[in-house]
Amino acid sequence: MIDLKSDVVIPTVLDQRRLDSLTANHRAFVDKLDQELHLLRGSGRKIILAWTGDGQGIRGLGIPHYEFFHSEGLSPTVYSYIVGDVTIEFACMIDHDLPGQILVGDFGVDMRERDTGEIRRIRTTEFIEHTRQSLSNLEGIVLSGENVETIQCYLTGERLDSGGFGVKRYVLRDKHKRTRQVCNAKVNIYRSGGTPIYLRFQSGNLQQFKFVSEEYV
């Protein structure tokens, strides 16, 4: 932890000349501050937007997903940089998906059960099941002049030898050789008096989809 005393005044810009002019006490303060900010950044997983003293330590405002453009004069460049695990995973999915394909990242999130109030870990497949329940609220709306009877959203796969239906999970590799796991999703909209609307692809139509490996969830 660091001791943020009022008598320690550090210049807002620390170039080499100002660093050389710091006393031993000030230099030790700067070194410790740098260590604390490094911990807040989480080895680059967060960007610290602001920080302030908090007793014997510091408190910071950090965000895990961020995109920024370097400026050239008064105009930003066309090159952007992204930071954060979720943002990087999203960029990898965009690089690999087919036009119009629906990809769902493999994830886990804590959710509260509506009936019991219990908080439990929900994986991707269970999350999609919760989504299907919510889609029932859209039944009866008018879409292209026809009433929606039901909407089905599901992760695709293939029928197994056991007779059950298995969901496929695909492994992608980004330009940094890191892997990401995703599932392919599909949405079917059934309307009264109208032809069904099928959104996106079944597993059998993913011949152009590039992935490293696949497995059943």
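Which residues line the second largest pocket? In this predicted model, local features require pLDDT of at least 70 and side-chain atom pairs count only at pLDDT 80 or more, whereas totals for chains, interfaces and linings use all residues. Residues are numbered from 1 along each chain as its sequence is written, and side-chain values use heavy atoms, with hydrogens and water left out.

The lining consists of M111, R112, E113, R114, D115, I122, H130, T131, Q133, S134 and N137, where a pocket is an open set of points on a 1 Å grid over the protein atoms alone at which a 1.4 Å probe fits, with protein on both sides within 12 Å along at least five of seven lines, and lining residues have an atom within 4 Å of a point. Its volume is about 280 Å³, taken as the space filled by probe spheres set on the points. The largest share of the lining, 4 residues, comes from α4, helices being DSSP runs of H or I of at least four residues and strands runs of E of at least two.

Strand β6 (residues 108-112) runs antiparallel to β7 (residues 119-123), to which 5 bridges join it, pairing being assigned when DSSP finds at least two bridges. G108 has R123 as its bridge partner in β7, and in the hairpin, with 6 residues between the strands, G117 takes a positive phi near 80°.

Leaving aside neighbours within four places in sequence, A185 is in contact (heavy atoms within 4.5 Å) with I102, V104, Y154, L155, T156, R200 and F201.
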